Structures are given as structure tokens and as C-alpha cells.
Amino acid sequence: MSERTFSIIKPDAVKKGDAGAILAEIVKAGFKIVSIKKISISKSQAEGFYHVHSARPFFGELTEFMSSGAIVPMVLEKDNAIADLRKLMGATDPAKAEAGTIRKMFAASIGENAIHGSDAEDTAAFEIGYFFAGLELK
Ligand code: ATP
Ligand code: MG
């Protein structure tokens, strides 16, 4: 069944000029880009986005990083989009990511790992609504 998920090309990848190559991998894997933009967010906006991690020791580092430069948030659609994007991204730690995954190819460390992808239906719905208005989601 066709499903939507949410993704962000993170500041490390945008800074390195890898956004286009990462988008090419996403499209090659069969995802339709429903909506996409290039923006930057404040630390408090990053804290709102990653609120589920607020008690984790890396929360400060994570939100500092996510607000450190331009990001490319997007809404993607395909059958089984949520699980398939997680597979395409690879493990959180690029050192543990499988060959051919985006994090293996483009990420440098567990903190700066090139891409975000929603991990479940409820988080995808929250994350899409956090970054995109209804008018941007035809
Ligand atoms: P994301 O939510 O960004 O798609 P993920 O679902 O693979 O990544 P999470 O456990 O949700 O991983 O962690 C969110 C983000 O927090 C990670 O992508 C990474 O940038 C950062 N992070 C996770 N664990 C660590 C850690 N041990 N040290 C530093 N940063 C971390
Ligand atoms: Mg996550």
C-alpha cells in the first residue's frame, strides 16, 4: 500500500554538496518526492523536532548540529515507504551500515550521519506536519 514518510538531508551532507547525490539514490530506489525544500532551523525548532530524544545524553549535540546549517526536509511516497527508507538509509552509525546504504556512502559519524527518516507511522505523521503545511502536500 502506498505510504508517506518524512526525511531530512542533514547539515553535514548539504555542506559537503552531497544533497543531489543522496536525492538521486532516493529516486533510484523508487520514492516519489511529494514535497521538498531547503531551509535552516533554530536550535529550539530542532529540539521540538527531536523531542523524543530530550532525555538522551546526545540531545544538546544533536540539536546543535541540526541547527548548524541548511537542511533539506522532504516528504516521500511509495509502497512500504517508512521501512524501505530506513533500509536505504542504513544503520544510525555509518561504521555499522551495510554497503550501498546512504549512511555508508555519505555519513562520517553517528552524530553527523547525513540523513533522517521517520521510524513509524505516528512519527511520520508528526514529522510531516512539523515541516510542511497542508497546501504543500497535494
Ligand atoms: P534519525 O532519527 O535521525 O533518522 P535514527 O533513527 O537512525 O536517526 P535515533 O536513535 O533516532 O537514530 O537517533 C537520532 C539521531 O541522534 C541520530 O541519527 C544521530 O544523529 C543522533 N545520535 C544517536 N545516537 C547518538 C550517539 N550515541 N551519539 C551522538 N549522536 C547520536
Ligand atoms: Mg530516529
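Helix H4 (59–66), helix H5 (81–89) and strand E4 (115–117) each supply at least two residues of the shell around ligand 1; helices (H or I, at least four residues) and strands (E, at least two) are DSSP runs numbered from the N terminus. The model is predicted, so local features need pLDDT of at least 70 and side-chain atom pairs pLDDT 80 or more, while totals for chains, interfaces and linings use all residues. Residues are numbered from 1 along each chain as its sequence is written, chains are lettered from A and ligands numbered from 1 in the order written, and side-chain values use heavy atoms, without hydrogens and water.

Ligand 1 is surrounded by 15 residues, the closest being Lys10, Tyr50, Arg86, Thr92 and Asn113; a residue is near a molecule if one of its heavy atoms lies within 4 Å of it. Polar contacts (pairs of N or O atoms within 3.5 Å) reach oxygen atoms of ligand 1 from polar side-chain atoms of Lys10, at 2.9 Å, and Arg103, at 3.1 Å. A polar backbone atom of Ile110 is 3.3 Å from an oxygen atom of ligand 1. The protein buries 82% of the 580 Å² that ligand 1 exposes when taken alone (accessible areas by the Shrake-Rupley method, 1.4 Å probe).

The whole structure contains 8 aromatic pairs, that is, rings of Phe, Tyr and Trp (its six-membered ring) with centres within 6.5 Å. The ring centres of Phe6 and Phe132 are 6.4 Å apart and the planes stand at 70°, so this pair is edge-to-face (over 60 degrees; under 30 is stacked, the rest tilted). Phe6 in strand E1 (residues 2–9) and Phe132 in the segment after helix H7 (121–131) are 126 residues apart.

Definitions and conventions:
Polar contact = N/O pair within 3.5 Å; in protein donor to acceptor, adjacent residues only side chain to side chain.
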